[in-house]
Amino acid sequence: MITVRVPAKVNVQLGVGGLRADGFHDLANVFFAVALGDEVTASDSSEGITLSCSGPDADAVPLDDSNLAARAARLLAAHHGLADPGVHLHIAKAIPVAGGMAGGSADGAAALVACDALWKLETPFETLLELAAELGSDVPFALLGGVALGRGRGEILEPLAVEGTFHWVFAVADGGLSTPAVFRECDRLRDEAGTGSADTDVPTPDADPALLAALADGDAVALAAALTNDLQLAALSLRPALAATLRAGTEAGALGALVSGSGPTCAFLAKDADGAAAVAAALRASGTCRTAHATYGPVPGAAVA
Ligand code: ATP
């Protein structure tokens, strides 16, 4: 039996370019791995690839072939030419589902590592990264962890230097938001504003030097000032109630606040661990979210526990 721990991510910068002809957007995406994470346990099975899930959001996780953990197991088996792969994958789910924290991608990355160990395949890390990119744009980062700049669809990763530990709070909303729907709303808002939404209209995004310096210096105040998410307006447009969540965390003393990825989870940067605990308690009491978790990062990517 192999258990793999895998982090969730928050994008400290999510720069969204225009819509490309292939339907994707060019991104300048600074991924940050946080200790809030899932655990995927792989055990032998003679019944093919089977799944189970536990945790408060377990009912929202599909247990069919569409689950990214099952897809990862199938892809790894096919890559190695395993004719009749058998594994049971149990997902202990702590990452909010459809929450903008790449929970499904995390489980895909964890399943690659867990099945690789269970089946004793010793797949090179570079190959796991390539398989991860086939599964989805956010999966390679869940393998890598730490902090990284993602380009292209987000899958071309460059690890970034970070000093020390940053303290975060995540406010979990009721229900999720569909990532494609949030990108579509971003395009719609750009068209409505008259700026256009195609890649010929919108400048290609780039990493913000002030944000990179704040990470390298371990400067939480500077990082808070540099947090940006080009999907935030779209997430707020689809879920206006998130404005109250962002306000509640800011009023409780967070240094900075933003929607995490495509939302609806909201992320707050705190001064230190005590500050994060206080912001989380205030958010839970505010009635503007389902729950709130204090956590920290960066942490490593998917690894055997
Ligand atoms: P991202 O930030 O990468 O856009 P997200 O965090 O908003 O994603 P996920 O939790 O990854 O969203 O879930 C998106 C959808 O993916 C879910 O609604 C579910 O149908 C599907 N899904 C597939 N596999 C999983 C999984 N292992 N865990 C959760 N959802 C999964």
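A helix, as the word is used in these legends, is a DSSP run of H or I that spans at least four residues, and helices are numbered from the N terminus. The structure shown in every view is a predicted model.

**View 1. The shell of residues around the ligand.** In this predicted model, 21 residues surround the ligand, and the closest of them are Ala98, Gly100, Ala102, Gly104 and Thr179. Helix α2, which runs over residues 103–118, supplies the largest share of this shell, namely four residues. When the shell is sorted by class, nine of its residues are nonpolar, eight are polar and four are charged. As for the place of the ligand in the protein, it sits in the largest pocket.

**View 2. Backbone atoms facing oxygen atoms of the ligand.** A polar backbone atom of Gly100 is 2.8 Å from an oxygen atom of the ligand, and for a polar backbone atom of Met101 the distance to a ligand oxygen is 3.1 Å. Ala102 also takes part through its backbone, with an N or O atom that lies 2.8 Å from an oxygen atom of the ligand. On its own the ligand has 620 Å² of accessible area, and the protein covers 78% of this.

**View 3. The backbone at Ala98.** Ala98, one of the closest residues to the ligand, is found in the loop between strand β4 (87–92) and helix α2. The phi angle of Ala98 is near 50 degrees, which is a positive value in a residue other than glycine.

**View 4. A stacked pair of aromatic rings.** The structure holds four aromatic pairs, and the view shows the one formed by Phe31 and Phe141. The ring centres of Phe31 and Phe141 are 4.8 Å apart and the ring planes are at 10 degrees, so this pair is stacked, since planes under 30 degrees apart count as such. Phe31 belongs to strand β2 (residues 25–43) and Phe141 to helix α4 (residues 139–144), so that the pair links distant parts of the chain, 110 residues apart.

View 5. The peptide bond from Gly263 to Pro264 is cis, with omega near 5 degrees, and Pro264 has its place in the loop between β9 (256–259) and β10 (266–270). Gly297 and Pro298 are likewise joined by a cis peptide bond, for which omega is about 5 degrees, and Pro298 is found in the loop between β11 (291–297) and β12 (303–304).

Definitions and conventions:
Residues numbered from 1 in each chain as written. Predicted model: local features only at pLDDT ≥ 70, side-chain atom pairs only at ≥ 80, totals over all residues. Heavy atoms only, no water. Near = heavy atom within 4 Å. Polar contact = N/O pair within 3.5 Å; in protein donor to acceptor, adjacent residues only side chain to side chain. Areas by Shrake-Rupley, 256 points an atom, 1.4 Å probe, with all protein chains shown as cover. 1 Å grid on protein atoms, 1.4 Å probe; cavity = no way out; pocket = protein on both sides within 12 Å on 5 of 7 lines; lining within 4 Å. Sits in = over half its atoms within 2 Å of the grid points. Helix = DSSP H or I, 4+ residues; strand = E, 2+ residues; numbered from the N terminus. Nonpolar A, V, L, I, M, F, W, Y, C, P; charged D, E, K, R; others polar. Phe/Tyr/Trp six-rings, centres within 6.5 Å; stacked < 30°, edge-to-face > 60°.
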